[in-house]
Amino acid sequence: MKKFAAAMAVALSLAVLGLTGCAQSGAKTSTEATAENPMVLTLAHGLSETHTVHIAMTEFADKVEERTNGRIQVRILPNGQLGSENENMEQLMAGVISMTKVSAPGLATYNESYHAFGLPYIFDDTEDFYHVMDSGQMQDFFLSSSDDGFVTLTYYTSGARSFYTKNKAIRTPADLKGLKIRVQDMKSQTDMMKALGGIPVAMSYGDVYTSLQTGIIDGTENNETALTTGKHGEICKVYSTDQHAMIPDVMVMSAKVWKTISPQDQQIILEAAHESTESHKIAWDAAIDEAIQEASTQMGVEFVNDVDKDAFRQATSGMINEYCAQYPGVKELLDIIDSVE
């Protein structure tokens, strides 16, 4: 019944939005497209229109339309109009929409290599993260999943995730012992929390504030913006910068749609996507600085920087080895990451 209700809700949304149930409308290939009969690609995601990633994707859409002289247009449907990330990805695979934005580990259902992006400490720091993610090796990997039904056009940073609690600093894994910590509903995140000695509690982001307030959880983990945009800083007063994970968002396109786009237009799309990533980096840095300032001065949040990151790396190193053994694709992607100089 739940699946039927979800399907009916999507069908109703598509009808209201004037979509036909096809990933794109208008011209069926980019070579056939004209300004009068453009190829219209639908991009659905769950973020608000004020989110830095939505703004970056809007820039991407504008540049694609401009550089193709209106032949290719990207129609963005934000705010979860067509459901959750998982539902959007299912719609992409079914040919209902052309594109979507998901957290990278969410693609592991279709390509196991993407589990790697949810693992702790696979990047040394933010500089290393950008260096690897912008590399030619990573771009080649992003475009190698056509047989799995999708290709990744670009990524957007979502910062470094760290632990924060109501009143306790997390300087070593021992500080997590016995604490109930909210994690994303991803296997890698629950496995990480178990390896660190905490008690993982998987729940949606929207339930975190109330769960902190009522004591269902003792803390959570996220980037600094969650303290302000999610109001978590009203309850959690200690943010410990262990930076255990840097999980990117990715913008993906249906492989079937990608194949209907000429090589020249594919290049235009990729260039516009990469430029939107560069713009997003600037916007993200500004958002982080603003969040830290607001949380510390207006919410009274203490930022703890003397964290023993080596202890966290050591505690989770066995988990990395287990994932490499269980998922050969994870080892392949980690080898790619290590190969970037």
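In this predicted model, the lining of the largest pocket is made up, by class, as the table shows.

| Class of lining residue | Residues in the lining |
|---|---|
| Nonpolar | 17 residues |
| Polar | 23 residues |

The largest pocket has a volume of about 1500 Å³, and of the 49 residues that line it, the closest to its centre are Leu47, Glu85, Lys101, Gln184 and Tyr205. Helices H2, H3, H6, H8 and H10, together with strand E4, are the elements that each give two or more residues to this lining, and the largest share, eight residues, comes from H10. Because domain 1 (28-102 + 136-157 + 246-285) and domain 2 (159-245 + 297-322) both give residues to the lining, the largest pocket lies between them.

Helix H6 (residues 187-196) also has buried residues, namely Ser188, Gln189, Thr190, Met192, Met193 and Leu196, and the buried residues of H6 pack against strands E6, E7, E8, E9 and E10 as well as helix H11. After H6 comes glycine 197, whose phi is positive, near 95 degrees.

Helix H11 takes part in a further packing, with helix H12 (residues 328-339), where the two helices form an angle of about 115 degrees and their axes are 4 Å apart. In this contact, Ile320, Tyr323, Cys324 and Gln326 of H11 meet Pro328, Val330, Lys331 and Leu334 of H12, and the residues divide into six nonpolar, one polar and one charged.

Technical notes: Residues numbered from 1 in each chain as written. Predicted model: local features only at pLDDT ≥ 70, side-chain atom pairs only at ≥ 80, totals over all residues. Heavy atoms only, no water. Buried < 20%, exposed > 50% of the residue type's maximum accessible area, 1.4 Å probe, protein only. Contact = heavy atoms within 4.5 Å. 1 Å grid on protein atoms, 1.4 Å probe; cavity = no way out; pocket = protein on both sides within 12 Å on 5 of 7 lines; lining within 4 Å. Points joined across faces, edges and corners; volume = space filled by probe spheres on them. Nonpolar A, V, L, I, M, F, W, Y, C, P; charged D, E, K, R; others polar. Domains from an automatic or database assignment. Axes fitted to C-alpha atoms, helices over the stretch in contact; angles between N-to-C directions.
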